[in-house]
Amino acid sequence: TITDYTARPDLLKDKIILVTGAGDGIGRVAAKTFAAHGATLILLGRTTPKLEVVYDEIEAAGGAKPAILPVDLSGVRWEELEYLAQGVEQEFGRLDGLLHNASLLGQRTPMANYHYSVWQQVMQVNVNAAFGLTKAMLPLLEESAAGSIIFTGSGVGLKGRAYWGAYSVSKFATEGMMQVLADEVDGVSNIRVNSINPGATRTNMRAAAYPAEDPKTVATPEDIMPTYLYLMGDDSIGINGKQFNAQG
Ligand code: NDP
């Protein structure tokens, strides 16, 4: 199965891959893992010092020199996204992979109590910004021989759950965005579009959602990388519009 997938060391050689939320959690490990398999990383996130740490870790491990894009997706305007895409175009001329990983958890409270402003912010980061970044990067992904877009879903984006509010709804929307775009590119583009549900994974977000849980009892970001590598690399060419569970 794909959760047991073993990637060749040079799976992502010469690929240009953008990861959002690359400064922490799953995004940080995904960026480092892609770099370790030969990719050149574009690290997008809102906290520059964290991105600089990942940059240093990739360089220290002998990876290709990454690029850093400091962007707060909660306030990003279309013009800025266009400008970012122009920068990627000038520096690299194309994009081979786009991992939409950054997300906000928001509140966990009944919808009756959910703050309107928090709802809007969660939808902005998790859905609207992911749409905008996708739209901005699509022309560059078309320049790739085999562009891969990965969206990040969640169990609560497949079945709604009480008190998960905008996060749950945003993850349903994420699956919808994946399906709509996958259907659009199907058979007419070299781009493929899929989603990954990481499953319970040891990060700050998981600890915030489950404060009473012993973090040692859940998988590490490293444990779930086989699915990320499979979908980012050429072994998944032809796979489009599918939802994957990184823990089976
Ligand atoms: P973390 O909160 O640990 O990391 C999220 C990353 O996204 C951080 O680097 C964060 O930046 C960044 N980010 C958040 N908001 C913004 C923003 N406005 N602009 C730019 N970057 C932003 O989360 P995880 O690693 O746990 O989650 C990664 C993905 O996996 C998410 O999509 C999440 O929904 C999903 N997921 C996670 C599960 C889990 O158990 N961990 C389970 C199911 C799904 P900063 O470091 O500056 O805060």
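Predicted model: local features only at pLDDT ≥ 70, side-chain atom pairs only at ≥ 80, totals over all residues.
A search of the whole structure turns up five aromatic pairs, and we will visit two of them.

**First stop: Tyr-5 and Tyr-230.** Select these two tyrosines and show their side chains. Their rings form an edge-to-face pair, with 5.4 Å from centre to centre and 70° between the planes.

Together with Tyr-5 and Tyr-230, Phe-244 makes up one aromatic cluster.

**Second stop: Trp-164 and Tyr-210.** Select Trp-164, which is buried at 10% relative accessibility, and then Tyr-210, which is partly exposed with a relative accessible area of 28%. The ring centres of Trp-164 and Tyr-210 are 6.1 Å apart and the planes meet at 45°, so this pair is tilted. Trp-164 is in the loop between β5 (148-152) and α5 (165-185), and Tyr-210 is in the loop between α6 (204-209) and α7, so the pair links parts 46 residues apart in sequence.

**Last stop: the arginines.** Keep that pair on screen. Which residue lies over the face of Trp-164? Select Arg-108, and you will find it 5.5 Å from the ring centre of Trp-164. Then pick Arg-206, which lies over the face of Tyr-210 at 3.6 Å from the ring centre.

Definitions and conventions: Residues numbered from 1 in each chain as written. Heavy atoms only, no water. Phe/Tyr/Trp six-rings, centres within 6.5 Å; stacked < 30°, edge-to-face > 60°. Helix = DSSP H or I, 4+ residues; strand = E, 2+ residues; numbered from the N terminus. Buried < 20%, exposed > 50% of the residue type's maximum accessible area, 1.4 Å probe, protein only. Lys NZ or Arg CZ within 6 Å of the ring centre and 35° of its normal.
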